[in-house]
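This report goes through the chain shown below, from secondary structure and overall dimensions to individual residues.

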Amino acid sequence: MSRRELCDFAILVWGFGVLVGVINSVTTLVAQIYAPYGYDSNQSGFLGAALLIAGIVGAIITAPFFDRVLAYHLA
């Protein structure tokens, strides 16, 4: 790997790691986030699942668009 490819890979890994950490922390704390608003643990679980499903659907919709636009290709 060239130095440029190694730097690009390190940025990609760092960004992915940060996003995975944020998602894990939000899904872990979702019950505590919604508790002050009167939601019980079952409702908080459903809200967390809805958040996860919305993210997956958003990724499925936007990924082909970004591939078609060719805005995120390296080099």
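Helices (H or I, at least four residues) and strands (E, at least two) are DSSP runs, numbered from the N terminus. The model is predicted: local features need pLDDT of at least 70, side-chain atom pairs count only at pLDDT 80 or more, and totals for chains, interfaces and linings use all residues. Residues are numbered from 1 along each chain as its sequence is written, and side-chain values use heavy atoms, with hydrogens and water left out.

**Overall form**

The chain contains 2 helices and 0 strands. Its radius of gyration is 17 Å, whereas a compact globule of 75 residues would have one near 11 Å. That radius is taken over C-alpha atoms, and the globule rule is 2.2 Å times the number of residues to the power 0.38. Along the principal axes, the C-alpha atoms fill a box of roughly 55 × 25 × 15 Å.

The accessible surface comes to about 6,500 Å², and carbon and sulfur atoms account for 71% of that surface. Accessible areas come from the Shrake-Rupley method with a 1.4 Å probe; for residues, only the protein chains shown count as cover. Of the 75 residues, 4% are buried. Buried means under 20% relative accessible area, exposed over 50%, and partly exposed in between (1.4 Å probe, protein chains only).

**Accessibility of selected residues**

| Residue | Relative accessibility | Class |
|---|---|---|
| Ser44 | 1% | buried |
| Asp8 | 22% | partly exposed |
| Asp40 | 41% | partly exposed |
| Gly17 | 42% | partly exposed |
| Leu51 | 48% | partly exposed |
| Arg4 | 55% | exposed |

**Helix α1**

Arg4 and Asp8 form a salt bridge in which the closest N and O atoms are 3.2 Å apart. The term requires a side-chain nitrogen of Lys or Arg within 4 Å of a carboxyl oxygen of Asp or Glu, and the count by this rule is 1. Because the two residues are 4 apart in helix α1, about one helical turn separates Arg4 from Asp8.

Gly17 also lies in helix α1. Between Gly17 and Tyr37, which are 20 residues apart in sequence, the C-alpha to C-alpha distance is 30 Å.

**Nonpolar patch**

Trp14, Val18, Val22, Val26, Leu29, Ile33 and Leu51 make up a nonpolar patch on the surface, with about 630 Å² of accessible area together. Patches are made of residues with over 30% relative accessible area and no salt bridge; like charges are joined within 9 Å, and nonpolar side chains (Val, Leu, Ile, Met, Phe, Trp, Tyr) within 5 Å. Helix α1 (residues 3–34) supplies the largest share of this patch, 6 residues. Leu51 is located in helix α2.

**Loop and helix α2**

Asp40 sits in the loop between α1 and α2. Its side chain reaches the backbone nitrogen of Gln43 at 3.0 Å. A polar contact is a pair of N or O atoms within 3.5 Å; within protein, one must be able to donate a hydrogen and the other to accept it, and residues adjacent in sequence count only if both atoms are side-chain atoms.

Ser44 belongs to helix α2 (residues 41–69). With neighbours within four places in sequence left aside, Ser44 is in contact (heavy atoms within 4.5 Å) with Val30, Ala31, Tyr34 and Tyr39. Ser44 and Tyr34 are 10 residues apart along the chain, and their C-alpha atoms are separated by 6.4 Å.
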